[in-house]
Amino acid sequence: MAIKKSSTIIDLDSLEIVFGSGRDALKVLDIPYWRVEEGDQVSIFGPSGSGKSTFLNALAGLLSPSSGRLTVCGHSLERMSETQRDHFRAQYIGYIYQNFNLLQGFTALENVLVGMTFSPRKADIKEAESLLDEVGLSHRLGYHPSQMSSGEQQRVAVARALANRPKVLLADEPTASLHPVNKEDVLRLLLDVCEKHGCTLVVVTHEREVIALFKNTVTFLEFNRACQHPGRGEP
Amino acid sequence: MSFWRIVLKSLKHHHFSNGLAAISIAMGVALLVAVYSLKEQSHNTFTQVGLGVDAVLGPKGSPLQIVLNAVYHLEDMPGKIKWTYYREVEKEPIVAQAIPFVVGHSYGGFRVNAIDGRFLTEFEYLPGKTFSFSEKLGGQGRPFIAPDEAVAGWAVARRLNLKLGDTFSPVCGVKEGGPIHEKDILRFVGILAPTGTPHDRAIYIPLETFYGLSGHPRETVIMAHLEEYREISGAYIKIKRIRGGALHPGIQDLKFEINQSDRNQLVVPAEVMPRLHNIIGWVDRVLITIAIMLTVLSALFLFFSLLSALREMRRDLALFRALGATRKTIMGLVISEALIISLLGGLVGLALGHCLIGVGAHFIKVESGVDFSAGYLSMIDWLLVPAAILLGILAGLVPGIQAYRLGVLKNLSTVS
C-alpha cells in the first residue's frame, strides 16, 4: 500500500459517524470539513466524553465512517474493507493511548518489536533499541510494564507508536494518566520525535496545559457541530 | 518479533493453564499409546501367522494351556504323552513332520525345552524359513550335537547376555527358586538368529539330555533306554499341504481320532487362539474406551482453558489489531496456541506411553513370560501427529472464532 503524493495528509469532508441504527441511532460525529498538512502538529481540545477518541479511531481506521469522505495518507478509508484498514494502520499509523495499552507479558523491547511485527517492515531489534534510547529508556529494555513508572510506560508507548515508521501519529490523551511532573516531558518528547521522524501528530486532549504547547489547536466542538448525545459536550 | 514468537510469549504468559492442558492431553495420549501398543503386541505374539506349528500333540487338558505352553513358552503342560503314541501319530499319512519335546525346566526365567535336534535344522517356523545361526543375521555357533550342549533363542541370549561357551545348569521346574540340576553343566554352542517369534524366548537342549539329568527319578532315566516307558510333553506336528498351501483337510479326522483317546489330544493353535482373544478382547476395549474418553476430556479441558485464556487476552488481542494485525492473524494466533499445546501434549504422551510400556514390560515378563517392547510402534503412534493437529484445531476453533470476532475498540476501552 503506497502513500499517494500530496502535502495534505488528512482530508475529510462531511464526515459522519453514527452508532446504532433506526430509532436507536446516535450521531456521534458530524464534521463538515477538516484538513491537516503533512508534518503538522495539531491538538484537538474538547471536554471528556465529547467524542474525540471516536474521531481519532476513525482517523486510525479502527472505525468506518457512516457517511462522508475521510482520506488519510491519500487512502480513502470509507471505501476500505476491514482487512484493508488493518493493513493501512500497520503501515501508516502510530497510536498512543491514554492508558498506555502496553502488553503486560512483554518487555519494553518486545513491546516495541510488536509494533513492527504487523507492518510491512521486518522487526529490527537494533531499531527498537534505538527508539527506546531515543525516549530515554535504553536502561529499561528488559523491564516489563509493571516494573516501570507511568511516565516510563508512556515513553515505551511512544517508542512503540514510532516502531512502524508511521506517517501519522495519533495520541489519545497521552498525558492524562501521568503525574503532572511527567506531563510536559512526555509531550515535549512526543513533539520532538515527531519532528525528527517527519510524522504528522494529532493529539486529542481535554487539558488546557497540553494545548499550550501546540501552535495549531482546534476546539473539537468547533467542527463537531451536531453531537446529539446528552452529556457528550454540548456547548 | 515473529508471529511464532508472539504465540510462544502468549503460551508462556498463561503457562499454568496451558501446562495443565498439555499434561492432561499427555496423560490421555500416554494411556492410549500404551494400551494400543500392548494390545497390538499381545495380538502379534499370540496370532503370528505360521509359527510353524499346525498342531500340537499333547496330553488331555486345556487346549489353550497346551498351546500357550508348547508354542508360547507360557503356563505349564498339564501332563505327558507316551513316546509310542507319538510314533504312531508321526506315521499318519497326512503328517509331514513331528518334533517331540519335553518341557518343565528353565534357566534365568526362560524355559529350557528338551527337543529333537531336527527342530533346529529342519523345522520351518515360517513358510520356507528354518532357524539360522548365521552371524550376518544375528546368530552365532551351531546346533547342539552332544548331550551337554545347548542353543539359546535370540531374545534369551540378549537378555541374559549369553556368549558361546557359557555354561549353565537347568532349574527343575519353570518357577524361579526351583531345585537346580547342579551336577549337569550344559554349554551354549549356538545362538539362534532372531525370528521375531516366541521361539526366540527359549533355550533348547537335546531331547535325550532331559532323561539323563541328575536328580530325576529312576523311571525317567529308564525312559532314555526303553521306548515303551518313555514319555514326552508333546510334539509339534506339521500337516501336509494341499493345493494353494491349505492344510490337508484330513487334520479334522486325525484330530477327532486322537481326541477319542483317554490320554491324548491334538490341538490346532489357529482354532484355539481366537478363544483367548475373545476372553481378553473386552479388556482391550474397556481400556481403549477409557483412554479415548480421557483424551476427549483433555481436549475439552484444552478448549475451556483456551476460552479462559482468551478472556484474559482480549485486551492484548485488541491491541494487536490496533497495531495492524488482521482478524485472520488473531484467529491464527489462538489456533496456533491450541495446536502447540495439543502437539506438545501428544508428543509428551507418546514418550510417556512408551516409557509406561518399558516399565510395565518387566513386570509382565516376570508374571506371564510375555515380552513387550517399549520401542514397538503401534498404529496409534503413526496417527498421533495428525490426530494431535486435528485435536488442536478442534479445541482452538471456537476460541479462534471468538478471537476473530473480537471488537477492538470495546476491548481497548478508550473513550474521551
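Reader: How many residues of chain B are in contact with residues of chain A?

Author: This is a predicted model. Contact here means heavy atoms within 4.5 Å. On the chain A side, 34 residues take part. On the chain B side, the number is 24.

Reader: What is the area buried between chain B and chain A?

Author: The size of an interface is often given as the accessible area lost when the parts come together. Carbon and sulfur atoms give 57% of the area buried between these two chains. The area itself is about 2,600 Å².

Reader: Which residue of chain A forms a salt bridge with Arg5(B)?

Author: The count between chain B and chain A is five salt bridges. For a salt bridge, the nitrogen must lie within 4 Å of a carboxyl oxygen. In the one formed by Arg5(B), the closest N and O atoms are 3.4 Å apart, and the partner is Glu110(A).

Reader: Which element gives the most to the side of chain B that touches chain A?

Author: The elements that give two or more residues to that side are α1, α10, α11 and α13 of chain B. The one giving the most supplies six residues, and it is α10(B).

Reader: How many residues does α10(B) give to the largest nonpolar core?

Author: The largest nonpolar core has 115 residues, and those with the most contacts inside it include Trp34(A) and Phe320(B). α10(B) gives the most to this core, and its share is 15 residues.

Notes: Residues are numbered from 1 along each chain as its sequence is written. Chains are lettered from A and ligands numbered from 1 in the order in which they are written. This is a predicted model: local features need pLDDT of at least 70, side-chain atom pairs count only at pLDDT 80 or more; totals for chains, interfaces and linings use all residues. Side-chain values use heavy atoms; hydrogens and water are left out. Buried area is the accessible area (1.4 Å probe) that two parts lose on being put together, summed over both. A salt bridge is a side-chain nitrogen of Lys or Arg within 4 Å of a carboxyl oxygen of Asp or Glu. Helices (H or I, at least four residues) and strands (E, at least two) are DSSP runs, numbered from the N terminus. A nonpolar core is a set of buried Ala, Val, Leu, Ile, Met, Phe, Trp, Tyr and Cys residues joined through side-chain atoms within 4.5 Å. Buried means under 20% relative accessible area, exposed over 50%, partly exposed in between (1.4 Å probe, protein chains only).
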